[in-house]
Amino acid sequence: LVPTLSQPLEWFQSLFDNSLGTEVFWTDKKKCVDISRLDRVPSVLLFCGWYDFFCSEQLHDYKDLCKKSKDCRIVIGPYSHWSVLSMQPKLFRSLFDFFDLHLLKDSFVKTIAPVQVYSMGHAMGWREMDSWPPSDITAAKYGLEEEEDGSLVLLGGFQKRREGLEKKVSYSYDPAYPTPNIGGATFNPTNCGRHIQNQMEQRNDVLVFTSKPLMESISIAGEVKVRLVLISSVEGTDYVARMCHVTPDGRSENIADGIVRKFDLIIGQRTNIEISLSPTMNCLGVGDRLRLQICSSAFPKYGRHLNTSEPFHLAKHSKISNQSIIVGGGDNSSEVIIPILSKG
């Protein structure tokens, strides 16, 4: 039924009044089905890609389904939402195995692990695991630092962070010239998946922190957390973090990204925020480097924040913002927490 257009649709209007950045409103509205309330759940097979915007939610569903289903399986490949052709061989193989197990009672399929993930990067290929996130991961902390020559670096890993004086590194964001989004989990078939980031990293509105070359290979498995200590010149803006894999020849490619949208910042006051990046499985080899981008826009994946405290859909005027990130100073400054697979 189509309601009379002259009548306000309060439920529909509330969706616009509570955009990204008002997570409390969306807490009980994210799922069509609340898995925790189901009495019985049949065997389930989930299939997705690391660069698909459904991946994060499917992994949350997988975790909940494992508590209810006797056999819950998930397959995650190096796919975007539009990898229709490239995903077909693995998709159909997974479907046939799943049906063989439950319809034909094929005992061979029981030997296939419930979690199959594709490891991207240095050692590409499928890996089998008993759970997700893996049980054998360790959180490695990297501090955001500025060297004496002005270069921005990631320091730490499993070693204790060095103590030192806090510093501020800054960038300006102008909504009239938004920082673009290149690759990742988008609905744009021509701009999704794994892409080269080097050109965007030359922009003045992007901070780029790079680690030293790795002395041994590591595998990132799970969600990277970026904790920023910052001072803003405006009441509201976006904070975008993107983790990249840099090969010895300098090629930088996106692994995972995330965003936090703020409307309630206090100008000039020190603020702590945490950005959860999209889940990933990526191996970096000897000589490779980790890289973290920090900026305030991922356009057009996300609409531009106009740097005001006005509701997102009602804002008419924009401001140029200046963001200062607190680096150095040990454990009380900005850092990134990376889940590392113990087996490398």
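By salt bridge I mean a Lys or Arg side-chain nitrogen within 4 Å of an Asp or Glu carboxyl oxygen. Strands here are DSSP runs of E, at least two residues, and helices are runs of H or I, at least four, both numbered from the N terminus. D238 and R261 are both buried; that's under 20% relative accessible area, with exposed over 50% and partly exposed in between, using a 1.4 Å probe and protein chains only.

Before I go on: this is a predicted model, so local features need pLDDT of at least 70 and side-chain atom pairs count only at pLDDT 80 or more, while totals for chains, interfaces and linings use all residues. Residues are numbered from 1 along each chain as its sequence is written, and side-chain values use heavy atoms, leaving out hydrogens and water.

How many salt bridges does a search of the whole structure find? It finds 15. Another one is D257 with K301, at 3.2 Å, N to O. D257 is buried at 11% relative accessible area, whereas K301 is partly exposed at 25%. Then there's D264 with K262, closest N and O atoms 3.6 Å apart; D264 is exposed, at 57%.

Staying in β12 (residues 252–262), look at V260. V260 counts as buried because its relative accessibility is 18%. Leaving aside neighbours within four places in sequence, V260 is in contact (heavy atoms within 4.5 Å) with T237, D238, Y239, E274 and I275.

Now, the cores. The largest nonpolar core has 36 residues, and F209, V226, L292 and V336 have the most contacts inside it. A second, separate core of 23 residues includes L65, V117, M129 and W132. A core here is a set of buried Ala, Val, Leu, Ile, Met, Phe, Trp, Tyr and Cys residues joined through side-chain atoms within 4.5 Å.

F53, F54, W82 and F187 form one aromatic cluster. Rings pair if their centres lie within 6.5 Å (Phe, Tyr and the six-membered ring of Trp); planes under 30 degrees apart are stacked, over 60 edge-to-face, the rest tilted. F53 and F54 are edge-to-face, because their centres are 4.9 Å apart and their planes at 65°.
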